[in-house]
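Please look over the sequence and the model shown below before reading on.

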Amino acid sequence: EPKDGKEAHSFVAGAVSGFTTRVVVSPLDLMKIRAQLQQEKKSDPLAKYHGFRHMARTVLKDEGIGAFWKGFLPAQALWVSYGFVQFGVYPFILSETRRVVSADQHLSKFVAGGFSSSVATTITFPFDTVRTRMVAQVDKKVYRSMFHALRLIPQQEGILAMYKGLIPALVSVFPGGALQFGIYGWLTSFAILKVPALATMMNGMIAGTVAKVVLLPMDLVKKRLQVQGFESVRIGQHTSYSGFMDCIAKVLQEEGVFAFFKGGGPSVAKAAVGTALSFTIYESMITLLDSF
């Protein structure tokens, strides 16, 4: 946390943290999204991808190494703005929360983490929708750039299309954000590792992994809803969903309960690496900025 009177540093540190982390985890994110959008089982001969190693080889062969950073600009806009808002509002929300639950410092961090993540998700969600759709483009391009997508989606589908999937995102992000900040704060209080940088990285990795496992089913529902109306350029089978509950019911009926955990491998790896880097860079930036 920033020193008293220097809360504005958390906005800058959060933005730098988000930008740097995004560069590293982008390939894992692409594989996660492609896996979540593929309805066929990986054992199905009609499936585009038959596992993550096959996916990596196929993307590299068919689209080139740059494809692993598809949607990089909206993803950067998402992560920088998300980190800016999430880490920026967290100290303020934490301060207010402590007045209500002052007897339980860990609970206040859980609540503040959940609220700050929810605020950040709502504000930055259009970038998430654009990123998802650009990653889903394989053989045909509808969107030439982030700015083209930001203009075309509201023009063709209405402004609310930018917020498709927001409900499952909010359903999952509050407990996910609460777990991420709460577990990180709880682990930090033990000070098991004596090297501060290593402790921050390990605590962030554990917190991010636990939070991602909780978030994964709702994240899949969010991704499926974000590409509704975008079937013309997607690969493989597509199912139309009328909304949040319809998507859950159809995924369960057509693909089974384990489908909600598609993309789990790269998703957990992304969360572990991403959260470890995110907290480490954030804490380092706060220390640096507070020193001036």
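## Briefing on the predicted model

N203 is buried, because its relative accessible area is 11% and buried means under 20% relative accessible area, with exposed over 50% and partly exposed in between, for a 1.4 Å probe and protein chains only. This is a predicted model, in which local features need pLDDT of at least 70 and side-chain atom pairs count only at pLDDT 80 or more, while totals for chains, interfaces and linings use all residues. Residues are numbered from 1 along each chain as its sequence is written, and side-chain values use heavy atoms, with hydrogens and water left out.

- N203 has its place in helix α7, where helices (H or I, at least four residues) and strands (E, at least two) are DSSP runs numbered from the N terminus.
- Not counting residues up to four places away in sequence, N203 touches Y184, L187 and T188, and contact here means heavy atoms within 4.5 Å.
- M205 is also found in helix α7, and M205 counts as partly exposed, at 30% relative accessibility.
- When residues up to four places away in sequence are not counted, M205 touches A272 and A276.
- M205 and S116 are 89 residues apart in sequence, and their C-alpha atoms are 19 Å apart in space.
- S240 lies in the loop between α7 (196-226) and α8 (244-255), and S240 touches Q228, D246 and K250, again not counting residues up to four places away in sequence.
- From C-alpha to C-alpha, S240 and V23 are 33 Å apart in space, and in sequence they are 217 residues apart.

**Helices α3 and α4**

- The axes of helix α3 (residues 72-100) and helix α4 (residues 105-136) come within 7 Å and cross at roughly 160°; axes are lines fitted to C-alpha atoms, for helices over the stretch in contact, and angles run from 0 to 180 degrees between N-to-C directions.
- α3 and α4 are therefore roughly antiparallel to each other, given that angles under 35 degrees count as roughly parallel, over 145 as roughly antiparallel, 65 to 115 as roughly perpendicular and the rest as oblique.
- α3 passes α4 in a right-handed crossing, where a crossing is right-handed if the near helix is turned clockwise from the far one by less than a right angle, and left-handed if anticlockwise.
- By class, the contact of α3 with α4 has 19 nonpolar, ten polar and four charged residues; Ala, Val, Leu, Ile, Met, Phe, Trp, Tyr, Cys and Pro count as nonpolar, Asp, Glu, Lys and Arg as charged, and the others, Gly among them, as polar.

**Helices α1 and α3**

- α1 and α3 have axes that come within 7 Å and cross at roughly 145°, and their crossing is right-handed.
- Residues that make this contact include F11, F19 and V25 of α1 together with W79, F84 and F92 of α3.
- The residues of the contact of α1 with α3 divide into 14 nonpolar, nine polar and one charged.

**Helices α6 and α9**

- Helix α6 (residues 166-188) and helix α9 (residues 264-290) pack at an angle of about 60°, with their axes 13 Å apart, and that makes α6 oblique to α9.
- α6 passes α9 in a right-handed crossing, and Q180, F181 and Y184 in α6 meet T275, F279 and E283 in α9.
- The contact of α6 with α9 has, by class, three nonpolar, two polar and one charged residues.

- M55 is in contact with M31, R34, A35 and Y49, leaving aside its neighbours within four places in sequence.
- L150 has its place in helix α5, and L150 counts as partly exposed, at 27% relative accessibility.
- L150 touches F127, V130 and M162, not counting residues up to four places away in sequence, and the C-alpha atoms of L150 and V130, which are 20 residues apart along the chain, are separated by 7.0 Å.
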